Amino acid sequence: MDNTLIVIPCRMDSKRLPGKPLMQFQGVPMVIRIAQLARKYNIGDVLIACCDDEVYEVAKKYEVDVIMTSKRHDSGSDRVFEAINKIDPKKNYYNIINLQGDMPTVSKNMLEKLLEYKISSNFEISTLAAEIVDKNEEEDSNVVKVVFSNYTGNTGGRALYFSRSKIPFGIGPLFHHIGLYCYDRDSLEKFVNLSKSKLESLESLEQLRALEAGMSIFVGKINEVPLGVDNLADFEKATDYINKYG
């Protein structure tokens with residue numbers, strides 16, 4: 001869409017896997033692969049928002065749009081906000097997709113659904129979730145769970161809570177939160193100007209800041225989960241997947 005911008009925030013000093021934006025899959029740095037996928041899907045313009053000279057230079061080499069941002073940001077959303085204000089002060093872009101720079105298997109369907117749910121729900125933020133099928137993920141604190149209204153419906157509903165713990169209690173499906181977000185410009189600005197919340201600090205999940213402030217988040221259901229790269233084991237798993245499926 002002409003008024004949609006996909007921003008890929010990234011930084012080299014990841015605590016769990018330093019330098020991961022430039023780790024390579026089939027000879028292509030991860031953040032570049034993600035940008036190339038996003039461009040191929042033709043959902044909106046694509047921009048890398050980085051704070052490291054080496055990422056900036058690599059993006060230029062691959063002819064991917066890139067902008068330098070501050071090193072002081074605490075979250076990807078803050079970096080996205082700085083980037084969008086720098087490149088689009090007149091607010092020509094309305095829908096902003098935050099595509100994390102460590103999802104090398106993100107699909108077209110995920111981004112299309114994310115944008116579709118944002119537009120159709122008229123909520124301030126949209127995100128995605130998939131039903132957990134691997135029982136090991138239920139107790140894994142690295143797998144963020146989400147509880148949302150109308151969870152037995154076909155599309156999804158309003159986010160009620162996100163946690164690294166197993167929620168909700170009792171027998172029934174659990175949902176794996178997929179950390180992709182779509183905001184309109186006003187909602188993104190509102191979010192980044194909120195103070196860090198207590199629940200956000202306890203769970204280490206920035207989306208709880210929005211919920212505590214009363215912002216509306218629509219959780220759209222999908223049937224796939226992208227491979228995220230948080231550590232070396234994740235990288236090896238993603239490498240095997242990409243070598244097999246491309």
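Mentor: What follows takes the terms in turn and sets values against definitions. This is a predicted model, in which local features need pLDDT of at least 70 and side-chain atom pairs count only at pLDDT 80 or more, while totals for chains, interfaces and linings use all residues. Residues are numbered from 1 along each chain as its sequence is written, and side-chain values use heavy atoms, with hydrogens and water left out.

Trainee: What makes the contact of Asp-230 and Lys-20 a salt bridge?

Mentor: A salt bridge is a side-chain nitrogen of Lys or Arg within 4 Å of a carboxyl oxygen of Asp or Glu. For Asp-230 and Lys-20 the N to O distance is 3.7 Å, so the pair qualifies. Asp-230 lies in the loop between strand 11 (217–221) and helix 9 (232–245) and Lys-20 in the loop between strand 1 (4–9) and strand 2 (24–25), so the bridge ties together parts that are 210 residues apart in sequence. Both residues also belong to a network of salt bridges that links Arg-16, Lys-20, Asp-102 and Asp-230, and the whole structure holds 16 salt bridges.

Trainee: Why is Lys-20 called buried, and what is Asp-230 called?

Mentor: Buried means under 20% relative accessible area, exposed means over 50%, and partly exposed lies in between, with a 1.4 Å probe and protein chains only. Lys-20 has 10% and therefore counts as buried, whereas Asp-230, at 22%, is partly exposed.

Trainee: What does the salt bridge of Lys-118 and Asp-184 tie together?

Mentor: The closest N and O atoms of Lys-118 and Asp-184 are 3.1 Å apart. Lys-118 lies in helix 4 and Asp-184 in strand 10 (residues 175–184), so the pair ties together parts that are 66 residues apart in sequence. Lys-118 counts as buried at 5%, and Asp-184 is buried at 8%.

Trainee: Why is strand 11 described as mostly covered?

Mentor: Of its 5 residues, 5 are buried, which gives strand 11 that description. Ile-217, Val-219 and Lys-221 point one way from strand 11, and Phe-218 and Gly-220 point the other way. In a regular strand the side chains alternate between the two faces of the sheet.

Trainee: What makes strand 7 and strand 9 partners of strand 11?

Mentor: Two strands pair if DSSP finds at least two bridges between them. Strand 7 (residues 125–131) is joined to strand 11 by 5 bridges and runs parallel to it, with Thr-127 standing opposite Val-219. Strand 9 (residues 156–163) is joined to strand 11 by 3 bridges, the two running antiparallel, and Arg-158 stands opposite Phe-218. Given that threshold, both pairs therefore qualify.

Methods. Helix = DSSP H or I, 4+ residues; strand = E, 2+ residues; numbered from the N terminus.
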